2 protein chains.
Amino acid sequence: MNITEETLIQRIRRRVPSSEGGVLRLGIGDDAALVRTPPGADWVVTSDPFIEDVHFLADTHAPDVVGYKALARATSDLAAMGAQPQLFLLNLTIPASRTGRWLEGMLTGMGRAARKFRLRLAGGDTSQGPKSSPTISLHVTVLGSVERGRELRRTGAQPGDAVFVSGPLGAAQLGLELILHGRHRETRWKKLLAPQFHPVPAILLGQWLAHQRIASAAMDLSDGLSSDLPRLCKASAVGARIYAEKLPCVVVPRELRPLKLDALTLALHGGEDYGLLFTVPARSAPRIPNTFHGTTLTHIGEIVRGRGVSLVDARGKISPLKPRGWDHFRTR
Amino acid sequence: MNITEETLIQRIRRRVPSSEGGVLRLGIGDDAALVRTPPGADWVVTSDPFIEDVHFLADTHAPDVVGYKALARATSDLAAMGAQPQLFLLNLTIPASRTGRWLEGMLTGMGRAARKFRLRLAGGDTSQGPKSSPTISLHVTVLGSVERGRELRRTGAQPGDAVFVSGPLGAAQLGLELILHGRHRETRWKKLLAPQFHPVPAILLGQWLAHQRIASAAMDLSDGLSSDLPRLCKASAVGARIYAEKLPCVVVPRELRPLKLDALTLALHGGEDYGLLFTVPARSAPRIPNTFHGTTLTHIGEIVRGRGVSLVDARGKISPLKPRGWDHFRTR
């Protein structure tokens, strides 16, 4: 395989939107991108890795899923701040053996995600990686704009605020379980795999919450409710109480009973849903609709004084909710 | 090794400046960083990988060199645009075995670079990487601000413009040759290793050129003159002629003659110098000083009509200059 970096960049640009204009004054081809700020806006910036055997499995996640999901995952952080996605940078490390069909598939998925989320590629880098390591990695930096002073933060939740989540909980994890149990090639489960393969960041919801100034705190659900809610609580120096009966748990079809998947466990601890977790002052809670652009919004509990998150079960029994979500440096 | 991501972030913040304030309205700890634009400024953004066995050798480059250089390399792209460095994001992939002393050393070097270049860490991500690959990688995204309309681009060089470089050429490559020949542990060559281990991006020079509006085109010298000058020429749709006799070649000490290193070859093809390559209209060339903040600025040739770069040797013989610098997808 002998492909120059220039050829590779041309192939990327054919598949992924990267035209200059608007906020992008100067894109791919110079030392760096030049970005103009929309009037009255601040920038939201974050960078996320998407690494083979950590964030995806090359023999399970099709290349277009890898390209789509790498971008969706990063964009979800913009949604969580209430920002409008604008630009992204891609650092791609890819062994020469993957620069053929795999790369085309990956770029197709990434291009689709970029158009869907209205992101343009502004720069980045490609390299082949060390010979000793044939691992694929994508590092995606995303930039979004937000009305000055209206960004969503994790820090403003107050005792008495209502706690909401968007979308079902545990749906992406159910898809992952199908994969881990080798059931993902059965066409009848195709729909159940969509939340795992093609998660949709809550971009419009984040922007609406920000613009309305209605949410006191927000973040995205990437590692699972039991991991993410404590983070929001810690940032806001409060605790929370949620109700098992209220959780919008993913529905596990009865034909999957042999897998012994518990919907509540999936909902509490499953990662990668990429919905929003947000809090709203009690007096404003009635203004939150039941659905927003087709996504359910569910009131699952409330913020309380003190620390920690507790779960109230169907019989009213209260127990502490322990994080069992994702932490690279703990669980592996 | 059992270290949580939270602990790791605390260790990073102890070593690397990351305080909020100024343009950084919200830093590490939320879903993304929130960045305010200085009045009248645009943003310059780029992302660079720094990968073990590709960009550094873990048994040769001390951990503090790795941390320093990863940041210097990315910052050089900001310098090339005339921008003032402001913020950076770090995606760090590191095997558990390196989270002890190696990580502390790396963070020390990165902290030193951040203070020197006036960069603050605004976010990023840490992960352990796949078990199959114990490779360290750093992906650094840097953001700098530039006066609106004054950024340096690669595209403005005109026939007749003078071509300049900053600093000596080939100095970083000479350091690399000492390493490759196993001579880098000899203390008498310590000074020769500095350009390889601790390159200094031309931040002030870039800002001066931008503010003065004196340069018609500019880029940084990362892959070697024979690779980089053709890129500038191509972007500007011009050619160039440079003179071997004028090149500020690195001085190879006579004690190193057995290594058969040719100073001209190092100057033409050696990478990682991170000086600036820039062009200036002939009438403005006299305004370029011979030294700028201690760095030599050298007039090495001129822009010509047409395409391609030619080299004029000491006897006046003209020959095409072929790129022999760095391209991951060609040379490996």
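A: Here is a walk from the chain contact to the helix pairs.

First, the ground rules: this is a predicted model, where local features need pLDDT of at least 70 and side-chain atom pairs count only at pLDDT 80 or more, while totals for chains, interfaces and linings use all residues. Residues are numbered from 1 along each chain as its sequence is written, chains are lettered from A and ligands numbered from 1 in the order in which they are written, and side-chain values use heavy atoms, leaving out hydrogens and water.

Start with the chains: 69 residues of chain A and 69 residues of chain B take part in the contact, where contact means heavy atoms within 4.5 Å. Together they bury about 5800 Å², with carbon and sulfur atoms giving 51%; that is the accessible area (1.4 Å probe) lost when two parts are put together, summed over both. A salt bridge here is a side-chain nitrogen of Lys or Arg within 4 Å of a carboxyl oxygen of Asp or Glu. By that rule you get 34 salt bridges over all chains, and the count between chain A and chain B is eight.

Glu6(A) belongs to helix H1 (residues 5-15) of chain A, and Lys234(B) to helix H7 (residues 225-236) of chain B. Helices (H or I, at least four residues) and strands (E, at least two) are DSSP runs, numbered from the N terminus.

H1(A) packs on H3(A) (residues 101-117) at about 45 degrees, axes 8 Å apart. Axes are lines fitted to C-alpha atoms, for helices over the stretch in contact, and angles run from 0 to 180 degrees between N-to-C directions. H1(A) and H3(A) are therefore oblique: under 35 degrees counts as roughly parallel, over 145 as roughly antiparallel, 65 to 115 as roughly perpendicular and the rest as oblique. H1(A) brings Leu8(A), Arg11(A), Ile12(A) and Arg15(A), with residues including Leu103(A), Glu104(A) and Arg115(A) on H3(A). The contact splits into four nonpolar, two polar and four charged residues; Ala, Val, Leu, Ile, Met, Phe, Trp, Tyr, Cys and Pro count as nonpolar, Asp, Glu, Lys and Arg as charged, and the others, Gly among them, as polar.

In chain B, the axes of H1(B) (residues 5-15) and H3(B) (residues 101-117) come within 8 Å and cross at roughly 45 degrees. That crossing is right-handed.

Finally, H4(B) (residues 171-180) meets H5(B) (residues 190-197) at about 115 degrees, axes 7 Å apart, so H4(B) is roughly perpendicular to H5(B). H4(B) passes H5(B) in a left-handed crossing. Among the contact residues are Leu174(B) and Ile179(B) of H4(B) and Leu192(B) and Phe197(B) of H5(B). By class, that contact of H4(B) with H5(B) has 10 nonpolar, two polar and no charged residues.

How values were computed
Left-handed = near helix turned anticlockwise from the far one by under 90°.
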